[in-house]
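Trainee: Could you take me through one part of this model in detail, beginning with the nonpolar core and working outwards from there?

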Amino acid sequence: MDGITSSYSKLRNSDIPLEERIELSRQIFNNSECILPNKNQLLVDWSCQELGTRGKKRDGFKVDEHETELWKILSEVLNDPESEQIVLRQKNLQLLFRELDEVRNFLGKYFSENGGPNKMSQDRLLSVFLCFQAISKNPNMSMTLFNKLENLEQYLKGILTCFLVVLLQTDLHTAKFVKVLSHVVVIVLHQYNTAQHQQFAQRKIFTNLCEKLLPLLLLVRTVVKDEKLFHPQDFNRDEICSVIDAAVITALFHKDLASNYIPTAIPRQQSEPSPKKAKLVNSYNQLFDVLESFAKGCQDGTDVEGIPVRSDLVCQAISTSLPFLLENFLKAIQQDRKLDQATKFSFFIELYNVTTPKGSADGLIPDVTRTEILSKMLNVIVDFDVYQIAEDNANDKPIFKWFLSLLENGLLSKSHHTAVGFHCLDIILKLNHKIIENSLETVLAKCFVKSEEESKESDKAKIELLCNIVETYSKLQQLENLVTSLLKVFNELQNELGTIPSDVLTKLSRSFEHCPFNQTRNILQVFLDEMKEKVQSIEQEDGNTDLSTEGISILFVNFLLNSSYSAADTHGLDQKKATSLEKLVQNIKDTIITPIVKAFPRLKKNSQKTVGFATLFLIHGLNSLVLFLHQHNVIPTSDDHYVKLLWDSKEEAYIPDETWSGLPILKKNRRLRFCMDLLAVHRVRCLLLKQDFDQNEFDHLINCLYSFQDPQTIPELSFVSWNFNPSCVNNVNYPVAHWSLVSQYAALLIPYCSENQLQKFAEFMVGTLVLQDDQITTDNLVTLHQVSENILKDGELLSLSSLQAAVVKQFWKLLGECVGQLDDDRLTGVFTWEVKTGQGQDGTHEPDEANLQSGKIDTNIAISLAQAIAKVMNEPQKRARKQSKRKRIGDLSTVVHLVKVLQRLPCYKFTPSNKVRCILGSLACDVLIGKAGLDEKTGPAQRLAAQLSCREIVSTLIQSLLQQREFSAWQVIDMASLLHWLYHTIPKRNSAKTSPSNLQSKFMNTSKELLRLAVILGMKSHSKASLAAVVDFSEELVTSLTNSAKNTNPEIVRCVEVLVIIVSACIEFLDQKGKKTSSLRAGWSIISKTAVSLTSFTKDTLEENAVSHQQEESYVELENNVMRLSAILTRAMGLIPESELSKNE
């Protein structure tokens, strides 16, 4: 007892050096045998007393080693589980509050000076915050500390300020004390929320939070939610944001306060409010005043509790907080039916006005940020269905008028050409289209004006807005008004007119399709009047025009091709309307197109670019409309209805007038060239409708359309895209647009193409298909690769034997170039062999379906090529290795990619000759790659992948031959060589305990499947040689098995495994009907001989060596395969007649 008293006396003895007393206190705390009564309480009192005494002698936060150690002792004691009953005295609380103020000032000082605490300072901060954490978690201690709401608010403010400083100083995010501080923030906010619910004076809570905590809470919430500003992985940002949200919502939007809100932006239609309600309005006015004061920091930054905050962070806090406050206000009053929609909207207006000082049109924050805020808040308005048109109209349209003012003073200014600006207009359109209607032309001009600074997001939002405008006016059956406004806007913009988006044209076309006849007639008259005015301006002597001519022409053609006129048919159109259509066609031709065509050559160069496109596109539209009406017998068939085209030999294109011949603009401008391509396609369609047509003209047209880009330049165009809009064609994307046009009409043109033209088509198609897959993948853009992919997906198109043969030829030509380096020209013929197809006397493919489908095979050439492949297959490995020193594999990625593309062709629709060619080519690739050496760029995995692709396509084609019973096509294959090649290339089981890779497993399974299919096809084939090859091959395996007594090496394991495959194939063959006797006997022979050999092998090898080899992996594998083979043979023996069994030993 004397020792205990002595220890405590030493602690309180100031004559003893402090470091000794600190060490003594640590010994007392850590000594479990010390029975000092109320030990932890004594240590807390002593450490607080020492800290208080030293704190009086200094000014502010200063790093002192002794104080740091005292805080460590205090934190350890407070966090001890036995300290739950400790009582904090008043002087202890004063010490803690003083320390909190000093820490806050210290962190603020270092933050303002762009510095940071050193290691000793961080240790001190860690100990201090551990003390706060222990006090906050302990109910007894926290009850003393937070017995008054004011104390809790002061404590919370200090903790949040410290936390904000840490958040703003990214180099402190990884400090140890930061994690402790974040836990303290969560604990204290939970306690604050609990205290709020226990209070009855809601107005006091509201006022205190606005005056003391609101900006601080909003800033912390903003930084924590933003992963770019705050990114530690071990922090629960969701929990921090959740408790902050709860604190703000509970204080500001209690149901009694929110439901008694009296609006000022849109006054209620009732008597004067009671004095009590007037006071409640003042509370929310206080909220708006605090937010407006806080928003002023968006200009030059602000100070929050002495902490400097950047202006951009204040803007971000306002941007994220205003929608949050609006949403929770509306949630609070959602069930209150007494409040009308105007009251709810008034809160939205007053909250949004925070961004703009009273009486001023200039905002406190940048226009872009203010528009983002408006966009988010409008989304909230839509979600809660705040705006009701009928209710607003009954109250003299206050909300409608506010929106009009918003459009005039903000959203329609040039500074709002952003994605969120267009999004805001889109929301307003959905709320009430009449708001936009008053400014429709201004909105349209904002959308169609040419701008080089707009982002992809802005373009997307603008297109979405335009599409919704079209859809809205279509539903309202007011397309005539929309078209009138569009034409007016185009004329006003002139050369500032931008491109009409393809999505908008598509939406307009659908609207024109469903437009009533009377409205269609009115829209047509609007277009005709406008086009006639354009013609008059073009015919003037100055020869100048602007982009509006082009834009109006595009809209006019879109209308002609999609309106109810073009949807007419003989059953739905009376004679009067048919006559009016014929007059319309003649009117457009005589009064619009012909005058422009005549005036074109004398226009200035810049005007020729615009007027030339407009003219050619108008001709395309009119001729397409006439062709449609002729096809459906709506108007009499006559060439006079078309705009006649002339062949220009210099340009190799069709022109509408001889005065256009030789104009430089036609050769240089690819956009005009694309329009002439459209006219050429249209001319082909017209010629094919006639029984007799000029063959020379037809050939000219096909040659014009099949003049593709040089295949050597295809890789340079791999990332070039086109948006399906003819007006957007240029020198760069013209190849994509041209290829897209030709592929669109390929089914119409290919049956009439010559062999040379087909080969050009196939060469370009295959060249674009082998481009890598990292292409542009968006809905409204297309690349060369994607156009060819669409052809590939069209199985009907590739079922045409003429195109099929050309495509297959091109594939193997490219593959031959890739693998040509692997061999000394022995298998060159495999890749250059051509399949003969039926042709007419003029060299073009006859459109006779039977002849086109049958592709003729030269059996002698095929057999000689198969023998060449077999010779290489049978070549000894030593010789192959010698040749591999001279011929090595280069980069096989192109080979793999080519074969992968070939696999995606509709092989089941190939003619037998093309199937055989693909089989021979794939086998040749497989053999050459398998026997060639490797260089430093090519590894075994790449070679295995190339061989796998070749074998997969052979398997697919053999399956097709089996399903379609095309056995005769297999006669050209050397079955014996193939079976041996497959057997020897099936990997042996590795004796090491390593699992094969996915690629190796897939290669092994594919090889086994190909072997199985080859056996079945050999037995079904009409070729005696193929059947004999299968029998001989199986007998070789049986012999190997018989002669391998007492041997369990991997070779025997593979032998048994392949016998399992052969016997399974025999069973599959025997189960089928319609078998030849020779094939039956061959199958019976294979099964019976295998059974005899297996019996002998089992007795001689497995039974005798079971004990000595049972732990070897190769033995276990062999035993499993033997069991499988035994089970299969048991079933197979049941398929052999008894008479045949008795013949066999």
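Mentor: The model is a predicted one. Its largest nonpolar core has 363 residues, and those with the most contacts inside it are Tyr-284, Phe-556 and Phe-761. In soluble globular proteins, nonpolar side chains tend to be buried together.

Take Tyr-284 as the example. Leaving aside residues up to four places away in sequence, Tyr-284 touches Phe-206, Leu-252, Phe-253, Leu-257, Ala-258, Tyr-261, Phe-329 and Phe-347.

Another pair of positions, His-197 and Ala-251, is 54 residues apart along the chain, and their C-alpha atoms are separated by 9.1 Å. His-197 belongs to helix H9, which spans residues 176–198. His-197 has 61% relative accessibility and so counts as exposed, the cut-off being over 50%.

Now a helix pair. Helix H31 (residues 670–688) packs against helix H33 (residues 734–744) at an angle of about 5°, and their axes are 10 Å apart. H31 is therefore roughly parallel to H33, since angles under 35 degrees count as such. On the H31 side the contact involves Arg-670, Arg-673, Phe-674, Asp-677, Leu-678 and Val-681; on the H33 side it involves Tyr-734, Ala-737, His-738 and Leu-741. By class, the residues of this contact are six nonpolar, one polar and three charged.

A disulfide is a covalent bond between the sulfur atoms of two cysteines. The structure holds zero disulfides. Cys-686 has a relative accessible area of 6%, so Cys-686 is buried, the limit being under 20%. Cys-918 is also buried, because its relative accessible area is 1%.

Asp-396 is not a glycine, yet has a positive phi of about 70°. Asp-396 sits in the loop between helix H18 (389–394) and helix H19 (398–411). With 53% relative accessibility, Asp-396 counts as exposed. Gln-477, likewise a residue other than glycine, has a positive phi near 55°. The loop holding Gln-477 runs between helix H23 (456–475) and helix H24 (479–493). Gln-477 is exposed, with a relative accessible area of 53%.

Definitions and conventions: Residues numbered from 1 in each chain as written. Predicted model: local features only at pLDDT ≥ 70, side-chain atom pairs only at ≥ 80, totals over all residues. Heavy atoms only, no water. Axes fitted to C-alpha atoms, helices over the stretch in contact; angles between N-to-C directions. Helix = DSSP H or I, 4+ residues; strand = E, 2+ residues; numbered from the N terminus. Parallel < 35°, antiparallel > 145°, perpendicular 65-115°, else oblique. Contact = heavy atoms within 4.5 Å. Nonpolar A, V, L, I, M, F, W, Y, C, P; charged D, E, K, R; others polar. Disulfide = S-S within 2.5 Å. Buried < 20%, exposed > 50% of the residue type's maximum accessible area, 1.4 Å probe, protein only. Core = buried A, V, L, I, M, F, W, Y, C linked by side-chain atoms within 4.5 Å.
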